[in-house]
Amino acid sequence: MKMNDVTKQHRNLIAGEWVEGADVNENRNPANTDEIVGLYARASKDDAKRAIAAARAAFPAWSKSGPQQRHDLLKKVSDTIAARADELGELLAREEGKTFAEAKGEVMRASQVFGFFSGEALRQTGDAIDSVRPGVEVMVQREALGVIGLITPWNFPIAIPAWKIAPALAFGNCVVIKPADLTPGCAWALAEIIHEAGAPEGVFNLVMGRGSEVGAEILDSPEVDAVSFTGSVETGRMVARTCVAQMKKVQLEMGGKNPLVVLDDADLDTAVNCALNGAFFSTGQRCTASSRLIVTAGIHDRFVEALTEKLRALKVGDPMDSAVHIGPVVDEGQLEQNRRYVKIGQEEGATLVCGGEVIEGDTPGHFMTPALFTGTTNEMRINREEIFGPVATVIKVADYDEALRVANDTDFGLSAGICTTNLGHAAHFRRHAEAGMIMVNLPTAGVDYHTPFGGRKGSSYGPREQGQYAREFYTTVKTSYIQA
């Protein structure tokens, strides 16, 4: 594997040039805080303005470029990511804390996303319609929006940038992306790949830095036509207010408090494995994580016993160690938040069955054992608020009807799962669960790259991401009337 040069300052990409920032961000390994993963330039508001201006200048030519040019660029990016999967996977594991296996899987997902949208660049859609007026023809076609501002989170530092960048470029838009200040490394590596693949000057711009400066400029600039944001609910609402006030198109992916319902007739091993994967893998740092395990009375005790046994067998530690199942929490702030919620759960009267302990590794890092609460009610804060860590709760219910009611009793609606061998209950849940994505006998976390991603309520706002549905956000519709 190629190691990142920690002495090199990784610069911002503006108008096809690598540009120094206002200051430098030390990107540290959460599994070994003594290790600097790399030095990354932080852009200023003026840098962001220049990037937006470069994207605006590049838009006329890029939006009118042929689909073959856009296909070729995205396909080359896809192939390069796949060829560098080990190297990029190591970088991701070192800066975000996922196990290497999970990190490499995320890298390959980014490659697949670019590959998919390289095909979408060639798949022109539209309609030719006869007018109700004789001799008039109607054509409906999709066109690029313009300059797209992308603001991405730290928990999927290469996959989420990929599934925003790829459709934006595929449909003829120009991009200004601000990745999370906590994990700039993967976004920088992706920018390098896009640049070296031949993206024309200004078509793709990377401005790393703080949301209060770079993010604010992207939101406030009248030269940005649309913003796609993934992050917290609080920030997402601010993004929406700012964009709507300027009549900008906006797409938000925010939090989740996802239920996994386990019915009496469920296969126990399937249910336990779904809960284990969905709630605790990736250190629970997924908006689709199964944070509420809603279990009917007949299987409750067996489920808790089996899940607890599995949890205690998990190894927490260095994500580059192949024997490790769960890596570190991303930083000290997230670790403190997890600890605070463990304390809140205990104060609310829930029973901490296992985990929730901060542990020391072989190196100084942010390590926490996965926590499982039982004896909880859906009114507790630990069941209402997104924790975003390896913490899950069990809510005991009488039957399917109560399970469905509790599952839907939340301000969020991203993903919902059910474990059952009853086809009737599975079909009813698919129909009546108030979430954007439904999983039957599968973890709530884990989606395909060619299908729509998104939720309801406080989880999502605007058109869906990924798959063919991404076209809804990254294009606008034009209707033409022609008199023969």
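The model is predicted: local features need pLDDT of at least 70, side-chain atom pairs count only at pLDDT 80 or more, and totals for chains, interfaces and linings use all residues. Residues are numbered from 1 along each chain as its sequence is written, and side-chain values use heavy atoms, with hydrogens and water left out.

**The annotated residue**
- The unreviewed UniProt entry places the feature "active site" at Glu253; such annotations may be inferred rather than shown by experiment.
- Glu253 belongs to strand 12 (residues 249–253), where a strand is a DSSP run (E) of at least two residues, numbered from the N terminus.
- Glu253 counts as buried because its relative accessibility is 3%; buried means under 20% relative accessible area with a 1.4 Å probe, protein chains only.
- Leaving aside residues up to four places away in sequence, Glu253 touches several residues, including Phe229, Leu414, Phe453 and Glu465; contact means heavy atoms within 4.5 Å.

- Three strands make an open, antiparallel sheet in the order 6-7-25; strands pair if DSSP finds at least two bridges between them.
- Strand 6 (126–130) and strand 25 (475–483) are the edges, each pairing on one side only.
- Strand 7 (residues 136–144) is joined to strand 25 by nine bridges.
- Met139 sits opposite Ser480 in strand 25.

Conventions. Helix = DSSP H or I, 4+ residues; strand = E, 2+ residues; numbered from the N terminus. Buried < 20%, exposed > 50% of the residue type's maximum accessible area, 1.4 Å probe, protein only.
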